Amino acid sequence: WSICCPTFIGLMMNNYKLPISKINQLFKNKELNPSELYAETFERAAITESIIHGHLELFQEENLKKALNSDKRYEKGKNLGTLDGIPIAIKDNINISGYATTCSSKMLSNYISPYDATVITRLKNEGALFTGKTNLDEFAMGSSTENSAFGPTKNPWDSSRVPGGSSGGSAAVVSAGSAIASLGSDTGGSIRQPASFCGVVGFKPTYGTVSRFGLVAFASSLDQIGPITNHVEDARLIFNSMKGHDPRDATSLIESKAKQPKLKNAKIGIIKELMEDGISEDAKKEVHKVAKLLEAEGHEIIEVSLPLTKMSISIYYLIAPAECSANLSRFDGVRYGNRVPGSTSSEMMELTRANGFGPEVKKRILLGTYALSAGYYDAYYGQALKARAMMKKEFTDIYEDVDYLISPTTPSDPFKFGEKSDNQLEMYMSDLCTIPANLVGMPAISIPTGLSSQGLPLSVQIMSPSNTDNTLLDFSESLESLVAFTEEPVINGVVS
């Protein structure tokens, strides 16, 4: 790995790790132009992409023009919002009009989106720039970004290790500095787990607060779009720019009042079941370290038991594949995507799906189809729905006693490529701590807090009741300042 020009390194380091609000102030004060920031970000991508492969496509030419338009708005004092001129990367299962949406699958390798997702429209209205589309596990099914049809993304902290998944590309580019922030989708931890592995912030909002219109569905009752950022305040900015009711999404919430947890002298529960077998000593130590910091600030820390969290993997891997099998039935070679010719329409569909889907996607479709089949529906999918309802009640009840819940984000630090590929249960267990928030629908955030004994990032996860997103972000920002995590990866000889 070569060392880059020190002057250029210094220029980049001055800006891309700053909070968005401070970058915005530099724009307003005419100390930095959006076009200059975009040029820095793109040049950084040129340095890092050959190593990490976080982006599948970079939107260089179009963004240079848009950045110059942003320059003009700031010159006139008429910027569109705080995000005007901010380079944000977009996971490649979110539609942007005129660009490919491949979901990292051969099935959609030739698909160009004719429309914008609602979140894209809302970010465009704020003047955000999009660096490009980021790599993911195919159709968002995976925990390592090893399942992409276009090759894996590598962890900026150690290229022999995975960046997590399925939003591995989105987390890696923020960690590497080739985007100021990114969007991911979270079905069972796909924002928080890769954010943890890459040492950045990942926020999954309350289910229904951010529109899913234009997100290619994996499991519709679990999927949620959210931000990956360097700072909690950036996550809040992006979340508040995207959130709000959307009539095109049947699951979109109309904003409702909810009792908010305390910000001072709060009661915080450490989830007992997420501090037991399967959780590394390093991960446990981070939770205890954070608990001591919170206790010193006047918060009360108690241990709480949520027994059904031990069943969350089993519940999830019946519900998610069942919904996946229904959602992915639309990819048949008839209306869009790749098509493999056959002598009959049935043969064409069979060949197309056999050729277009990768092994992990096929596995989940088969599992889901089986769980929904006649004679097995009640025994599997039906039982999983009942267990999910019980888990929701368990969490609702515990929030009568505590304001927030805390756990490790991941059972361990980032694992090596291929380490869990032959043991699917071990791979699925990497989402043990994150899945409950998706099953319950509550907001959850991952905050980097320290390094493991191997010098790799570790995080804690904070959860709160549904519809308390901004309060959770406020609380998390205060925790972030207590932890003061400042470690950064080194890529191509450059401190990220």
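**H3 against H4**

H3 covers residues 34-52 and H4 covers residues 60-75. Their axes come within 7 Å and cross at roughly 150°. I count H3 and H4 as roughly antiparallel, because the cut-off for that label is an angle over 145 degrees.

Next I listed the contact residues. H3 brings Pro34, Ser35, Tyr38 and Phe42. H4 brings Gln60, Asn63, Leu64, Ala67, Leu68, Ser70, Asp71 and Tyr74. By class, the contact of H3 with H4 divides into 7 nonpolar, 4 polar and 1 charged.

**H9 against H16**

Helix H9 (residues 281-296) packs on helix H16 (residues 469-483) at an angle of about 105°. The axes are 10 Å apart. The range for roughly perpendicular is 65 to 115 degrees, so H9 and H16 get that label.

Which residues make the contact of H9 and H16? From H9 I noted Val290, Leu293 and Leu294. From H16 I noted Phe475, Leu479, Leu482 and Val483. The contact of H9 with H16 has 7 nonpolar residues, no polar and no charged ones.

**Confidence**

I checked the scores. The chain averages a pLDDT of 94, and 96% of the residues score at least 70. Residues 1-13 are another matter: their pLDDT is below 50. This stretch still has 22 contacts in the model beyond near neighbours in sequence. Where pLDDT is low, the predicted coordinates should not be read in detail. I left the stretch there.

**Nonpolar cores**

I then went to the cores. The largest nonpolar core has 55 residues. Ile94, Val119, Leu183, Ile238, Ile445 and Ile462 have the most contacts inside it. Another core of 53 residues lies apart from it, with Leu136, Leu306, Ile315 and Ala437 among its residues. In soluble globular proteins, nonpolar side chains tend to be buried together.

Not counting residues up to four places away in sequence, Ile445 touches Arg192, Val201, Gly202, Phe203, Val232, Val460, Gln461, Ile462, Leu472, Leu473 and Ser476.

Helix H8 spans residues 232-242. I asked how many of its 11 residues are buried. The count is 8, so H8 is largely enclosed by the rest of the structure. The buried residues are Val232, Asp234, Ala235, Arg236, Ile238, Phe239, Ser241 and Met242. After H8 comes Gly244, with a positive phi near 125°.

Leaving aside neighbours within four places in sequence, Ser241 is in contact with Leu83, Arg122, Leu123 and Glu126. I also looked up Ser241 against Gly81. They are 160 residues apart in sequence and 9.3 Å apart in space, C-alpha to C-alpha.

**Thr131**

Thr131 is in strand E3, residues 129-134. Is Thr131 buried or exposed? Its relative accessible area is 2%, so Thr131 is buried. I left aside neighbours within four places in sequence and listed the contacts of Thr131. They are Tyr38, Thr41, His55, Glu57, Leu58, Phe59, Asn63, Pro87, Ile88, Ala89, Ser178 and Ala179. Tyr38 and Asn63 are also in the contact of H3 with H4.

**Loops and backbone**

I checked the loop between E3 and helix H6 (168-176), where Ser166 sits. A cis peptide bond joins Gly165 and Ser166, with omega about 5°. Phe139 is in the loop between E3 and H6 too. Phe139 is not a glycine, yet its phi is positive, near 50°. At 4% relative accessibility, Phe139 is buried.

Lys30 also has a positive phi, near 60°, and is not a glycine. I found Lys30 in the loop between helix H2 (20-28) and H3. Its relative accessibility is 51%, so Lys30 counts as exposed. The cut-off for exposed is over 50%.

Last, I looked up Tyr16, in the loop between helix H1 (6-15) and H2. Tyr16 is buried, with a relative accessible area of 3%. Tyr16 and Phe197 are 181 residues apart along the chain, and their C-alpha atoms are separated by 20 Å.

Methods: Residues are numbered from 1 along each chain as its sequence is written. This is a predicted model: local features need pLDDT of at least 70, side-chain atom pairs count only at pLDDT 80 or more; totals for chains, interfaces and linings use all residues. Side-chain values use heavy atoms; hydrogens and water are left out. A nonpolar core is a set of buried Ala, Val, Leu, Ile, Met, Phe, Trp, Tyr and Cys residues joined through side-chain atoms within 4.5 Å. Buried means under 20% relative accessible area, exposed over 50%, partly exposed in between (1.4 Å probe, protein chains only). Contact means heavy atoms within 4.5 Å. Helices (H or I, at least four residues) and strands (E, at least two) are DSSP runs, numbered from the N terminus. Axes are lines fitted to C-alpha atoms, for helices over the stretch in contact, and angles run from 0 to 180 degrees between N-to-C directions. Angles under 35 degrees count as roughly parallel, over 145 as roughly antiparallel, 65 to 115 as roughly perpendicular and the rest as oblique. Ala, Val, Leu, Ile, Met, Phe, Trp, Tyr, Cys and Pro count as nonpolar, Asp, Glu, Lys and Arg as charged, and the others, Gly among them, as polar. pLDDT is the predictor's confidence in each residue, from 0 to 100.
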